[in-house]
Structures are given as structure tokens and as C-alpha cells.
Amino acid sequence: AVRLLRRPKSNTIVLSGLSGSGKTILFYQLRDGSSHQGTVTSMEPNEGTFILHSEAGKERKVKPVHIVDVPGHPRLLPKLDEFLPEAAGIVFVVDALEFLPNLRGVSEYLYDILTKASVVKKKVPVLICCNKTEKVTAHTKDFICKQLEKEIDKLRTSRSAVSDADVANDHTLGTPGKTFSFSQCTNKVSVGEASGLTSKIADVEQFIRDNVKP
Amino acid sequence: MLEQLLIFTRGGLILWTCKELGNALKGSPIDTLIRFCLLEERSGSNSYNYDAPGAAYTLKWTFHNELGLVFVAVYQRILRLLYVDELLSMVKREFCEIYDPKRIDYNDFDETFRQLRKEAEARTEDLKKSKQVGRPVNDSKKQGHVKKGGADGGNKKKSEAKGGSDDDDDNRAGHNKLENGHSNGHHIETDGSRGLAIGNGKENASVNVGAFDVSKLQKLKNKGGKKNDTAVSDSKGAKADPKKKATKKNRVWDDSPSQSKLDFTDPVENGNENIDVVAANQGESMMDKEEVVSSDSEDDEDEVGKGSAPNSKKKGWFSSMFQSIAGKANLEKSDLEPALKALKDRLMTKNVAEEIAEKLCESVAASLEGKKLASFTRISSTVQAAMEDALVRILTPKRSIDILRDVHAAKEQRKPYVVVFVGVNGVGKSTNLAKVAYWLQQHNVSVMMAACDTFRSGAVEQLRTHARRLQIPIFEKGYEKDPAMVAKEAIQEATRNGSDVVLVDTAGRMQDNEPLMRALSKLVNLNNPDLVLFVGEALVGNDAVDQLSKFNQKLADLSTSPNPRLIDGILLTKFDTIDDKVGAALSMVYISGAPVMFVGCGQSYTDLKKLNVKTIVKTLLK
């Protein structure tokens with residue numbers, strides 16, 4: 001098959017994160033501007049190609065975005081591999097309210113995403129979105145960022161035992177020897193805030209606009 | 001009364017809830033249903049029970065697979081409503097007519113639902129009433145029988161020689177009974193005449209039956225008397241018992257006379273240093289090697305037009321081709337049956353337990369019913385794809401199996417990470433314990449072994465040999481000691497000398513053996529290990545289901561704490577002996593929900609690897 005030298009830039013944004021972090025609500029906020037009657041644990045991905053609700057009706061021409069909300073349940077982890085290869089950007093949703101009890105699970109998931117071959121090779125930008133910030137006891141994004149960096153640092157040492165034979169899945173993350181920080185990643189990792197239930201999704205929309213250029 | 005009825009998409013968006021039944025549900029029953037039932041491939045079962053503080057619900061559900069919708073009804077378990085299934089299917093039918101993927105709110109469905117509910121409730125009321133009408137007729141007939149029997153009994157008692165004042169009472173009772181008997185006898189006759197020819201026959205029969213009943217009554221009376229006697233003697237016996245001291249008797253397996261202690265434990269420990277010890281270093285454990293996955297060239301053999309399919313069981317080649325090209329309208333259960341049966345047989349030839357294969361097929365059927373067949377696909381390929389999806393989902397662990405990470409976490413808290421190996425006899429606990437120790441050592445984790453198999457001859461020596469070869473400390477107390485106490489002391493010793501991991505070996509035991517299971521439960525409860533690893537061999541067949549469920553049940557029942565420790569992980573052994581009959585892994589994971597953490601594939605230290613889900617699924621469906 002004859003292929004063009006430069007593939008057309010993908011317009012896919014993947015919403016990922018642990019089960020219960022608020023991805024499906026975000027999906028519907030981006031699409032319809034409301035969370036409707038609420039959600040339950042997703043059993044299948046939610047996919048859609050549309051113009052962001054906040055941009056509908058604007059004068060300038062906006063490119064429709066293909067957003068995929070991948071379920072966070074660990075049993076459905078393989079589904080993520082279907083969508084990651086074509087992602088132009090990843091939004092990693094973190095529950096800022098129940099952050100500390102799930103710290104290990106969150107950091108392992110994030111570590112897995114950051115070390116996937118497709119993500120590293122194509123330098124896919126990642127937005128760590130701290131959700132549920134409307135709640136009083138939600139943690140700040142700086143706190144969450146620091147905690148995640150510490151956990152991933154620990155994960156690096158315990159997962160370093162992977163052989164260097166097959167590079168399909170794992171890469172070493174960051175610079176060995178120094179404490180891990182997101183700035184060491186070859187792809188851009190940024191942190192933002194959101195509140196799915198109260199429609200405060202500006203950070204996410206900005207990220208999408210930055211990465212899906214018309 | 002229904003607590004709530006929800007309609008939501010498989011992607012998670014709630015489309016409609018009944019606003020009349022405004023009760024907020026306690027806990028999170030829907031999420032739990034999805035996580036522990038629907039995503040666990042148990043959607044073929046009838047209902048799901050959910051307990052939360054303050055509520056006990058039962059949930060029933062139905063799918064509409066074509067539109068990707070789920071309908072769930074929640075009600076209180078004590079009510080046992082009968083109309084829920086019917087209501088769900090009616091709701092499904094009505095809702096699908098107004099469903100539109102673009103539409104989000106369906107407030108007009110409230111009215112439809114109200115009507116449907118009234119209909120369903122009314123229908124159940126009718127059913128109940130018709131059942132009740134039947135009952136009084138039966139009761140009166142029964143009463144007639146008993147009374148007649150009583151009347152005859154009364155007569156007989158009179159004739160018996162019984163001393164005491166009972167006679168008078170009996171006489172009186174007998175008289176009364178006689179009267180009643182007669183009057184009821186009338187009843188029976190009238191009923192019987194209604195029932196035509198059966199009437200007379202019944203009268204005669206009832207007399208005979210009455211006679212029989214009398215003798216029964218006599219026996220019952222005697223039994224009752226005897227029972228009273230035994231009860232009295234029991235209480236007397238119970239008072240005597242506490243006087244005896246409870247001495248512990250040795251476990252006797254057969255009727256052989258108790259032997260003198262055969263403890264050959266080498267009393268001199270230090271003598272072992274004379275032997276030339278070569279630390280075992282056999283290279284990298286297979287846990288760290290990436291598995292080479294063969295290319296998927298054999299897939300897609302079911303696609304239409306790409307050659308013949310010898311497995312096809314369709315009636316005619318031409319008609320099947322035509323159907324697959326056109327794309328059949330909706331999959332019915334009858335269409336799925338032959339394909340599912342073929343899949344189930346295939347799974348069973350791969351050594352999957354029969355019960356598990358059955359449940360899996362039901363679950364896949366539930367998820368495919370009503371779905372539209374895509375064009376250019378055959379039913380068997382759709383079913384195969386769905387089954388593959390389901391298998392991957394079951395075998396993918398639902399929690400992290402990164403043991404090294406857990407060990408590091410425990411290290412930070414300055415506690416040793418305790419792993420207990422349990423299983424039935426002869427599955428390979430001690431051997432695989434040594435393999436795990438070897439692997440951990442390779443990752444710079446300090447390991448200590450605890451020999452809590454104090455029953456089998458040679459178990460302690462076996463572990464000692466392994467410890468010597470691997471040069472790791474071993475904690476042992478010889479034979480005939482209480483394993484729970486040995487384990488406790490081992491953990492204390494490990495905390496003292498700073499070992500990161502303690503691997504506890506236990507004696508093999510059958511799942512039906514009550515005292516041994518109790519001992520195991522005591523060990524787990526007393527020491528609260530970080531990981532309870534069930535060691536099961538891949539050669540096991542249908543017994544895997546029984547083993548795991550009984551182990552879990554006993555651990556839960558005999559536990560003293562409110563959150564009992566269950567089996568956390570599975571170690572699958574003797575994997576190299578089974579070629580492609582890998583079904584035991586599936587049975588074990590399905591029945592217990594615990595992930596497979598290690599796979600033992602040989603008898604040397606390096607033969608330990610991780611479970612490769614995709615390879616297993618491919619092998620199962622080949």
C-alpha cells in the first residue's frame with residue numbers, strides 16, 4: 001500500500017484514568033455541556049467525533065475532535081491499547097477527592113501509560129487533570145503532582161527488573177539516578193484542574209485545542 | 001415495591017430513572033453489580049444480592065445488546081417480587097421504540113413506565129389470587145384426614161390399658177374428635193361428590209389412611225417421650241463433662257496404635273557447615289524474561305471467502321454463505337446455541353471445569369442476544385470474538401500483581417512481607433516456594449523461609465536444603481508443633497533480623513478436612529499475612545472449582561474478624577506438563593476472582609514465569 005510521507009495529524013484525544021475518576025462525566029460535558037442524569041461504571045468505551053460544546057456556534061471554523069473515554073476498570077485495561085496508538089493527546093483524569101487511598105493505583109496506571117512504546121515514540125502530550133475540585137476536601141494539583149512524582153520514582157526501582165530484550169512495552173522513565181519529575185519525560189506532561197459536575201472544564205478544553213490543530 | 005429501576009448505556013450514561021420511586025439507594029448497588037457481576041462474566045445468572053449497612057437489595061437486569069443498553073431493577077430482598085422479570089422485558093420493549101442515540105432525556109417515558117408497572121403488579125395479584133383459591137380446598141381435605149385419624153386414634157387409646165387420669169381426658173377428646181370426625185366426614189363426602197367418582201374412594205382410603213396414621217401417631221408419641229428422656233440425660237451428661245479435663249489427643253489417621261515419636265530432626269545444626277555449599281545461581285529466573293509471542297498468522301480463518309471452515313455446522317453451504325453476506329437480522333438464542341455448544345465442548349477438551357464453561361457460555365449468550373449480525377461475518381465468528389473478549393476480561397487481573405512493589409511498601413513500614421502458601425497435597429508448594437525465594441533474591445530482596453509444615457516427614461529437611469542452596473535463613477521448630485505459633489515466631493524473628501519477606505510453607509490438606517482447614521484458618525487469622533497464595537496444579541480438572549471454593553469458604557467461615565482474609569492470589573504449578581490443556585487457569589480465576597501471580601513451569605529454580613493472558617486465550621480457543 002502506498003502511504004503518504006506525512007500521515008494526517010490525528011484528532012483523537014483519549015480520556016483515561018481510574019474507575020470513578022469522572023471520565024464519562026467529562027466526556028458528556030465536552031460534548032453536550034451537561035452531565036445529564038449522572039453515570040455508572042462504564043463497561044465499554046464512549047466514543048464520539050464532535051465539536052466541543054463550548055465552541056459550537058463560534059464564528060471561526062473549528063475542527064471536530066474525536067474523543068474516546070476508555071473505562072478505567074482494571075479488567076478492561078486492554079481496551080486502552082486499542083486507542084493509544086492513534087492518540088494526539090491523553091487526558092489522565094485523577095480523582096482529587098479520593099486521591100490518597102488510590103495513590104498506588106493511580107500512579108501505576110500513569111506509569112503504564114507513560115512507558116507505553118507508542119506514547120514515548122510519538123511523544124504524546126499528557127494532561128494530568130485533577131477532577132472533582134468543587135469539593136472542599138479535594139487536594140490541590142501541586143500536591144497531587146508531587147505525590148505522583150514520588151510514587152513513580154519508587155515504581156521505577158521496582159519495575160527496573162524488566163529485561164532489555166523486547167522494548168515493546170516498557171521504557172525506563174526519566175533520567176536514572178535523579179529523583180523523578182515530570183519535566184524529565186520526553187513528552188510534555190502538564191497538570192490542570194477540572195470539575196466535571198459543575199462544568200468547569202477550561203483546562204481540558206485548552207489542552208484539546210492546543211493539540212488538535214485545525 | 002420496587003426501590004428503583006434504571007436504564008443506562010454500556011458506556012455508563014444513565015438515560016432514565018423512575019422519578020416516582022424517589023428513594024435514594026443506600027450504598028452503591030449499581031456500581032457493585034457492574035464491577036462484581038457483569039464485568040466478571042456472571043451476567044448469565046438470574047439475580048445479584050447486594051448488602052450495604054442498612055439495606056439488603058436484590059438486583060435483576062436485562063440487556064439490549066443491539067442498542068447497548070442495560071436495564072436494572074432494584075428491590076428489597078425480603079419482598080421477593082415476582083413481577084420483576086416480566087416488568088424488565090416489557091420496559092425493554094417499550095423503551096427501545098423511543099430510543100434514539102442522539103437523545104439524552106426521556107421524561108415522557110415516566111408515563112409509560114407507570115402504566116407498565118400497574119399492569120405487571122395487577123398481573124401478579126391475579127396470579128396470587130388464583131393460587132389462594134386453590135389452597136382452602138386442599139386444606140379442608142387435609143383437615144378431614146387428620147381429624148378422622150384423630151378420631152380413630154381416640155378410640156384406640158380408650159381401648160389401651162393406660163393408667164392414670166389421662167383416660168378421662170382421652171375419652172373426652174375422643175368424643176369430641178368423633179363428633180368432629182363425623183362432621184368433617186360430611187364435608188369430605190360433599191367434596192367428594194363434587195369431585196365425582198373420587199369421593200367414595202377417598203372415604204375408604206381415608207379410613208385406611210387413618211388407621212395408618214394412628215400407628216404413626218403412636219410412634220410419634222413414643223418418640224417424643226424418648227426425646228424427652230434423652231434431653232434430660234444429655235443435660236445431666238453436660239454437667240458431668242466440665243469436670244473432665246480436656247487433654248489434647250494426638251491426631252490419629254488410621255487405627256494403628258500410637259507409635260513412639262519418629263522425629264529424626266538432626267539435633268546438631270552447626271554440623272551442616274562442613275558440607276561444601278555452592279550458592280545456587282542458575283541465571284535469570286524466567287519471571288524476568290519477556291515471553292515471545294508467536295505471530296497471529298492463524299487468526300481470521302473464519303472470515304467468509306477465505307477458504308473452507310471445517311468446523312462449520314451449518315445445514316447448507318449456499319444458504320449459510322447467503323445469510324452471512326446479507327447479515328441476519330437479529331441473533332436469537334436458538335441461533336447462538338450450536339455455536340456456543342461447540343465452544344463449550346472445545347473449552348472442556350482444554351480442561352476447563354464443566355461448571356465454569358457452562359456459566360461462561362451463558363454470560364456470552366446474554367451479551368449477544370438480540371444483537372445484529374454484521375455483514376460478512378458468520379455467527380460462529382461473532383460468538384468466538386465475544387468469548388475471546390470475555391476470556392481476556394476474566395484473566396486480566398483486577399488488581400496489581402506487582403509483588404516487588406508491595407514488598408517495597410512493606411519495607412518502608414519496617415515490617416516483613418508475609419506470604420503463606422496453601423493448597424492440597426502434592427501440588428508443589430515447597431518447590432515453588434523455593435523458586436519464589438530465588439526470584440526475590442535476584443531482585444535484592446532478603447528472604448526468610450518459615451517451615452510451618454510440621455506434619456509431613458522430611459518437609460523441614462527439604463526446606464532446609466533449599467535454604468542452604470540459596471543461602472537464605474530458615475526458621476523451623478521441627479515436627480509436631482503448632483504451625484500457627486511457628487509462623488508467628490518466624491515473623492517476629494524476621495522483624496528482628498530485618499528480612500524483607502517471609503515465605504511460610506504449610507502442610508497440604510484436602511478441602512473437606514474440617515480440622516485441618518480450621519488449623520489453616522487459625523494460622524491465617526493469627527498472623528494476618530500480606531498475601532495468601534493458593535497453589536494449584538494445572539493438571540487438576542473439575543476439582544479445581546471445589547478446592548478453591550471450599551478453601552475460600554472455610555477461610556471466611558472460620559475467621560474471627562469481620563473482614564476475613566481470603567485467597568489473594570494463585571500460583572499455578574506443573575504448567576510444563578499440560579501442553580495445551582490450559583483450562584485449569586481459567587477455572588481457578590473465575591471461581592475465586594484472584595489473579596494468577598506466578599506460573600511454575602519446571603522443577604528447577606528458574607522455572608517460574610508470569611501468566612501471559614493473550615497466549616492462554618489463544619490456546620483455549622484454538
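The questions and answers below walk through a predicted model of protein chains.

User: How are residues, chains and ligands labelled, and which residues and atoms count?
Analyst: Residues are numbered from 1 along each chain as its sequence is written, while chains are lettered from A and ligands numbered from 1 in the order in which they are written. In this predicted model local features need pLDDT of at least 70, side-chain atom pairs count only at pLDDT 80 or more, and totals for chains, interfaces and linings use all residues, with side-chain values taken from heavy atoms, leaving out hydrogens and water.

User: How many helices and strands does chain A have?
Analyst: Helices (H or I, at least four residues) and strands (E, at least two) are DSSP runs, numbered from the N terminus. From that end, chain A reads β-α-β-β-α-β-α-α-β-α-β-α. The total is 6 helices and 6 strands.

User: What percentage of the residues of chain A count as buried?
Analyst: Buried means under 20% relative accessible area, exposed means over 50%, and partly exposed lies in between (1.4 Å probe, protein chains only). Chain A has 214 residues, and the buried share is 51%.

User: How many salt bridges are there over all chains?
Analyst: A salt bridge needs a side-chain nitrogen of Lys or Arg within 4 Å of a carboxyl oxygen of Asp or Glu. By this rule, the count over all chains is 28.

User: Which residue of chain A forms a salt bridge with B:Arg10?
Analyst: B:Arg10 sits in the loop between strand S1 (2-9) and strand S2 (14-17) of chain B, and its partner sits in the loop between helix H1 (23-32) and strand S2 (46-50) of chain A, so the pair joins two chains. B:Arg10 is buried at 14% relative accessibility. The closest N and O atoms are 3.0 Å apart, and the partner is A:Glu44.

User: Where in chain A do A:Glu151 and A:Lys154 lie, 3 residues apart?
Analyst: These two form a salt bridge, with the closest N and O atoms 3.3 Å apart. A:Glu151 is buried at 9% relative accessibility, whereas A:Lys154 is partly exposed at 28%. About one helical turn separates them, because they are 3 residues apart in helix H5 (residues 141-158).

User: Which residues are linked with A:Glu151 and A:Lys154 in a network of salt bridges?
Analyst: The network takes in residues of chain B as well as A:Glu151 and A:Lys154.

User: How far apart are the closest N and O atoms of B:Arg464 and B:Glu476?
Analyst: B:Arg464 is in helix H12 (residues 459-470) of chain B and B:Glu476 is in strand S8 (residues 474-476), 12 residues apart. B:Arg464 is buried at 9% relative accessibility. B:Glu476 is buried too, at 19%. Their salt bridge has a closest N to O distance of 2.9 Å.

User: Is H7(B) roughly parallel or roughly antiparallel to H8(B)?
Analyst: Axes are lines fitted to C-alpha atoms, for helices over the stretch in contact, and angles run from 0 to 180 degrees between N-to-C directions. Under 35 degrees counts as roughly parallel, over 145 as roughly antiparallel, 65 to 115 as roughly perpendicular and the rest as oblique. Helix H7 (residues 333-349) and helix H8 (residues 354-368) of chain B pack at about 150 degrees, their axes 10 Å apart. That makes H7(B) and H8(B) roughly antiparallel.

User: Is the crossing of H9(B) and H16(B) left-handed or right-handed?
Analyst: The axes of helix H9 (residues 379-395) and helix H16 (residues 583-592) of chain B come within 9 Å and cross at roughly 65 degrees. These helices are therefore roughly perpendicular. A crossing is left-handed if the near helix is turned anticlockwise from the far one by less than a right angle, and right-handed if clockwise. For H9(B) and H16(B), the crossing is left-handed.

User: What is the phi of A:Lys132?
Analyst: Most residues other than glycine have a negative phi. A:Lys132 is in the loop between strand S5 (126-131) and H5 of chain A. A:Lys132 is partly exposed at 22% relative accessibility. Although A:Lys132 is not a glycine, its phi is positive, at about 70 degrees.
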